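Work through the following exercises with the sequence and the model at hand. Each task is followed by a solution in steps.

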Amino acid sequence: MIEALLLAERGRRLAHPNPLVGAVVVADERVVGRGYHRGPGTPHAEAAALHAAGDRARGATLYVTLEPCCHHGRTPPCTDAIVAAGVARVVAAMPDPNATVDGRGFDRLREAGVGVDAADDELRRRAEALNEPYVRFMRTGLPLVTLKAAVSLDGKVAAASGDARWISSPESRRRAHEMRAAADAVMVGAGTVRADDPLLTVRDAAGESPARVIVSGRGEMPPESRVFAPGGPPTLVLAEAVSAAREARLRERGVEVLPMGDAGLEAGLRALAERGLLDILCEGGPGLAGSLVSRRLLGRIALFVAPLIVGRGAPDLVAVPAVRAVADALSVEDVSWEILGSDALVRGRVCGKAAAGDIEAG
């Protein structure tokens, strides 16, 4: 199963928006077939592994990182291919949270006389982490949003004047661009566009620039902002109440405007997920970060902590009212630390209670 998980990783940036899946066929304690999903319309991992195994798949065990599909999509059901190949046993790391599958694949295999077993909890956790954006979308309809920021030791994202160049080290900034290259979209608030005029593109890392998403109340941003320059990656604006004239001007620049309506930021994120943007890297300021926290829309954090003390009066990481008790604080689990130059990169999964109140994104 570990080999199947490693195979699944090869499909990163290829399989999107489909999940990453790897499969290994074992007969007589030897691997006789390997496969992974290379993208929409291509064979699924199971089919690729079975094709590589050929006749040796009969009576073999198939290890796969995700429950085999049992429905017709762009390719035939994997369950049919498994049964036709004469596989005796399937070991899956996790069920498929897609409602069209979600246990039905296992039922189809059992009905055909194929043994079905689950991998242990640790392998299941690894499989879920591999496809965290996909799992979140299938379970909630929302994308996975990661808050990425550089902060001082006292939790400030800029000086009192707004100056933030540079809190993080050059090594941290290179890693930040790698994160952009791995995401489906990078998201900021309109206030960040007005204050910093960012490009929001990948420059110090290999890979293509993701889509750019701007959260705005009324779409008020300078028309000469660099995110609107022609020839760049797609730009989308999530707007609450943009005027027809302003929307027309944005569309003239090739910008797609997605009205959020009364449902606000959650509706905007759902619209992004429906367009296949499942992995969102938020680089917005305290206001947008506060909206994500207060509305419980934040999935992960990635903070570059620099050895600096900025002081009182400077902007905090998240603009939300303080909790009254530590027990009520938003908690982060599955934490990892990495040293990058003079900084420490802390990453983790957001869970627990969210702060009360709401903050406008600008």
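Helices (H or I, at least four residues) and strands (E, at least two) are DSSP runs, numbered from the N terminus. The model is predicted: local features need pLDDT of at least 70, side-chain atom pairs count only at pLDDT 80 or more, and totals for chains, interfaces and linings use all residues. Residues are numbered from 1 along each chain as its sequence is written, and side-chain values use heavy atoms, with hydrogens and water left out.

**Exercise 1.** Locate the cis peptide bonds from H16 to P17 and from R165 to W166.

Solution. Step 1: the bond from H16 to P17 has omega near 5°. P17 sits in the loop that links α1 (2-9) and β1 (22-27). Step 2: for the bond from R165 to W166, omega is near -5°. W166 belongs to the loop between β6 (144-151) and α7 (170-182). Step 3: as background, most peptide bonds are trans.

**Exercise 2.** Find where D28 lies and where D334 is found, and classify the accessibility of D28 and D334.

Solution. Step 1: D28 has a positive phi near 50° and lies in the loop between β1 and β2 (30-36). Step 2: D334 also has a positive phi near 50°, but is part of strand β13 (residues 331-340). Step 3: apply the classes, which are buried under 20% relative accessible area, exposed over 50% and partly exposed in between (1.4 Å probe, protein chains only). D28 is at 75% relative accessibility and therefore counts as exposed. D334, at 54%, counts as exposed too.

**Exercise 3.** Describe the nonpolar cores, each a set of buried Ala, Val, Leu, Ile, Met, Phe, Trp, Tyr and Cys residues joined through side-chain atoms within 4.5 Å.

Solution. Step 1: the largest core has 41 residues, and V25, V87 and V90 have the most contacts inside it. Step 2: a second, separate core of 34 residues includes L258, L292, L298 and L303. Step 3: list contacts (heavy atoms within 4.5 Å) for V25. Beyond its neighbours within four places in sequence, the partners of V25 include V31, A49, L50 and L62.

**Exercise 4.** How do α3 and α4 pack?

Solution. Step 1: axes are lines fitted to C-alpha atoms, for helices over the stretch in contact, and angles run from 0 to 180 degrees between N-to-C directions. Step 2: α3 (residues 78-85) and α4 (residues 104-111) make an angle of about 25°, and their axes are 10 Å apart. Step 3: angles under 35 degrees count as roughly parallel, so α3 and α4 are roughly parallel to each other. Step 4: the contact involves T79, D80, I82 and V83 of α3 and G105, R108 and L109 of α4.

How values were computed:
Parallel < 35°, antiparallel > 145°, perpendicular 65-115°, else oblique.
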